[in-house]
Amino acid sequence: MNGKLLEIKDLKVSFFTPVGEVKAVNGISYSLGYNEVMGIVGESGSGKSVEAYAIMGLLQSPGRVVGGSVTFEGEDVLSYDSRQMTDLRGNKISMIFQNPMTCLNPVYSVGNQLVEALTCHNKDISKAEAKKRAIEMLDLVGINNADKRFTQYPHEFSGGMRQRAMIAMALICNPKLLIADEPTTALDVTIQAQIIELMKELQKKTDMSIIFITHNLGVVAEICDKVTVMYAGHVMEQGAVDDIFYHPQHPYTKGLLRSMPRLDEEGHERMVPIEGTPVDLLDPPKGCSFGPRCEHCMKICLNNQPPLVEVGEDGHVSACWLHVMQARKNKEAGK
Amino acid sequence: MTQQSKKLLEIENLRKYFPVKSGLFRKDYVQAVQDVSLHIFEGETLGIVGESGCGKTTLGRTILRLYEPTSGKIVYDGETIFDSEQKIAVKMLPYCRKIQLIFQDPSASLDPRMTVGEIVGEALDIHKLTHGKAERAERISKLLEDVGLNSEHANRFPHEFSGGQQQRIGIARALAVEPEFIVCDEPISALDVSIQSQVINMLEDLQNERGLTYMFIAHDISVVRHISNRIGVMYLGCLVELAESYELCNKPIHPYTQTLLSAVPLPDPKKNRSRKRILLEGDIPSPLNPPSGCRFHTRCPYAMPKCSEAAPEFKEYSPGHFAACHLLEEK
């Protein structure tokens, strides 16, 4: 399918704390097509979750969008009032979170919460019908004995089951976009594998788009079509999943891939870590945010922020001065 | 690691049950560690992997006798430190100089009201390892430098450090008494990806410099694969397979190890698309009421009637490769 479902342009989010402004997201742009899975990778503090909260209008004080635009199906979401936003959330854009236990209400049965999500957005649906639909949904996400489980409470579910229930709740209104914020981080590997398989299957069945936020590169390689690598609120590199994993261009992406221990490594190689410590967002570097930790750091990197440069096909872009230098060299050689 | 090396630690049929009240007069037990037998050679790294609730942390702590074992035998360096049959339970203080522990959550395991110098120096005081203030201060700054911090950090408090640095403080504290054996309990799980490899490299360097022996407990099998000489896989309190790292990751023989390995997402899109996954049904059963026979039989794709009746024996199938499965016995 053609067209863009979601387009983000130069989005900036800041938190105004007593000790100063924290620029959590500092001008990121990307677009997401229909039926596409975009992975957003970054370490803690890279702004990957904050950016998702901004799309959903869930930013809490002192956080605020300070610039840029978010366009969903051609409409500017940031200009929505709270009623319009409520209508959008859960209906067209849904979100699942890292820890399902804190997102499910412990005093309502799981079924009740599913029905509520449905009746919120479809006022004319009958109770019996809503219940039927909720049970179907639980069944779809692989919960056995769905009609019995319907009446149970979140504490009676295991971690994996809760995450399944969360997914059922997020998908019950057939959203066009699902934002998954670290949905498998709190789960064990075998359960993680189950949930990933489930999400892949559901994505194919329902034709929705997914924004998959995670710090686990393995999970990204598993489920995503496109990847955005973030560091300290900036986009470092963006491209198709194969390009990012097989032809990474940005020193940070390369460093991340190199510093991971791999299950399929032959023999014992010493790991190559990224030196230094993550950025202090209260006092970010003037130039490239990765500059102080980068092995190729040049003078220009410390003073000026690098532009996003096209480095390959399918919208493969990377923000690094090395690419600018390389392009300049190529030009001179061409002359 | 060669087989001729000395066995530093040996445990036999180690068992740890935690009592839980389930009625007025009834007591049930969480069977956290069930009859685990293994040994660790001097200078090697033994990795222990498993999912949450499999008892890997309890095993580590029971070896240190932070939890008193329910039954079994622990032999350290030829000396029996615990034996339930002969009723031996020696005082642990002298052994605390030889065995140390690194915890998972660095911010929770450092006292927020003590300075880094006090934290690292506390162990020196307990074991009376230094004489005089100057020597103590010197030792502390040397330790901090060894783990990649600098000596001025001694006067700061833990909250002034990042997660990676806090973990380094935890490691400096463990090293203060010059131990021989360190139990690393998920030392890098709480850290960012780019920091994890820094800490792993440091642990490897320290091992080479000081001839340390590690027991490395983690849930991330790729990390364990990287750092360990041998790996043990645990499921619901039982050790199901133990082999050299390469062998275990490439030729796993226990069905649980096979599923665990196939569940790990690889940072390689093409390989992910081409490989076949073994998906397990359901969740880990409760250790309060574990399945009869082989504890894995409720989720095992190859389960036979026999599996629910008798627990399989933990046997050596090829040199250095142990496993507990009825399927293998029949072959």
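This is a predicted model: local features need pLDDT of at least 70, side-chain atom pairs count only at pLDDT 80 or more; totals for chains, interfaces and linings use all residues.
## Where the chains meet

Chain A gives 37 residues to the contact and chain B gives 32. On the side of chain B that touches chain A, four helices each supply two or more residues: H7 (193–210), H8 (221–227), H10 (255–263) and H11 (269–274) of chain B. H7(B) has the largest share, with 6 residues. By class, this side of chain B holds 14 nonpolar, 12 polar and 6 charged residues.

## Helix pairs in chain A

Two packed helices are described by the angle between their axes and the distance between the axes. Start with helix H4 (residues 110–121) and helix H7 (residues 159–171) of chain A. Their axes come within 8 Å and cross at roughly 20°. That angle is under 35 degrees, so H4(A) is roughly parallel to H7(A). The crossing of H4(A) and H7(A) is right-handed. H4(A) brings A:Val110, A:Gln113, A:Leu114 and A:Ala117 to the contact, while H7(A) brings A:Ala165, A:Ala168 and A:Met169. Of these residues, 6 are nonpolar, 1 is polar and none is charged.

H7(A) also packs against helix H8 (residues 189–206) of chain A. Here the angle is about 15° and the axes are 10 Å apart. H7(A) and H8(A) are therefore roughly parallel. H7(A) passes H8(A) in a right-handed crossing. From H7(A), the contact uses A:Gly159, A:Gly160, A:Gln163, A:Arg164, A:Ile167 and A:Leu171. From H8(A), it uses A:Ile191, A:Gln194, A:Ile195, A:Leu198, A:Leu202 and A:Thr206. The classes are 6 nonpolar, 5 polar and 1 charged.

## A closer look at H8 of chain A

H8(A) has 18 residues, which at 1.5 Å a residue should span 26 Å. Its end C-alpha atoms are 25 Å apart, in agreement with that value. The buried residues of H8(A) are A:Val189, A:Thr190, A:Ile191, A:Gln192, A:Ala193, A:Gln194, A:Ile195, A:Ile196 and A:Met199. Their cover includes H7 and helix H9 (217–223) of chain A, together with H10 of chain B. After H8(A) comes A:Asp207, with a positive phi near 60°.

## A helix pair in chain B

Helix H6 (residues 163–175) of chain B packs with H7(B): their axes come within 10 Å and cross at roughly 20°. H6(B) and H7(B) are therefore roughly parallel. Their crossing is right-handed. B:Gly163, B:Gly164 and B:Gln167 of H6(B) make the contact with B:Ile195, B:Gln198 and B:Val199 of H7(B). This contact has 2 nonpolar, 4 polar and no charged residues.

## Backbone details

A cis peptide bond links A:Ser61 to A:Pro62, with omega about 5°. A:Pro62 lies in the loop between helix H1 (48–56) and strand S4 (63–72) of chain A.

A:Ala232 is not a glycine, yet its phi is positive, near 50°. A:Ala232 sits in the loop between strand S9 (226–231) and strand S10 (234–240) of chain A. A:Ala232 counts as buried because it has 24 C-beta neighbours inside 10 Å. In chain B, B:Asp35 also has a positive phi near 50°. B:Asp35 is found in strand S2 (residues 27–41) of chain B. With 17 other C-beta atoms within 10 Å, B:Asp35 is partly exposed.

Key. Residues are numbered from 1 along each chain as its sequence is written. Chains are lettered from A and ligands numbered from 1 in the order in which they are written. Two residues are in contact if their C-beta atoms, placed from the backbone, lie within 7 Å. Ala, Val, Leu, Ile, Met, Phe, Trp, Tyr, Cys and Pro count as nonpolar, Asp, Glu, Lys and Arg as charged, and the others, Gly among them, as polar. Axes are lines fitted to C-alpha atoms, for helices over the stretch in contact, and angles run from 0 to 180 degrees between N-to-C directions. Angles under 35 degrees count as roughly parallel, over 145 as roughly antiparallel, 65 to 115 as roughly perpendicular and the rest as oblique. A crossing is left-handed if the near helix is turned anticlockwise from the far one by less than a right angle, and right-handed if clockwise. The expected span of a helix is 1.5 Å times one less than its number of residues. A residue is buried if 20 or more other C-beta atoms lie within 10 Å of its own, exposed if 12 or fewer, and partly exposed in between; C-beta atoms are placed from the backbone.
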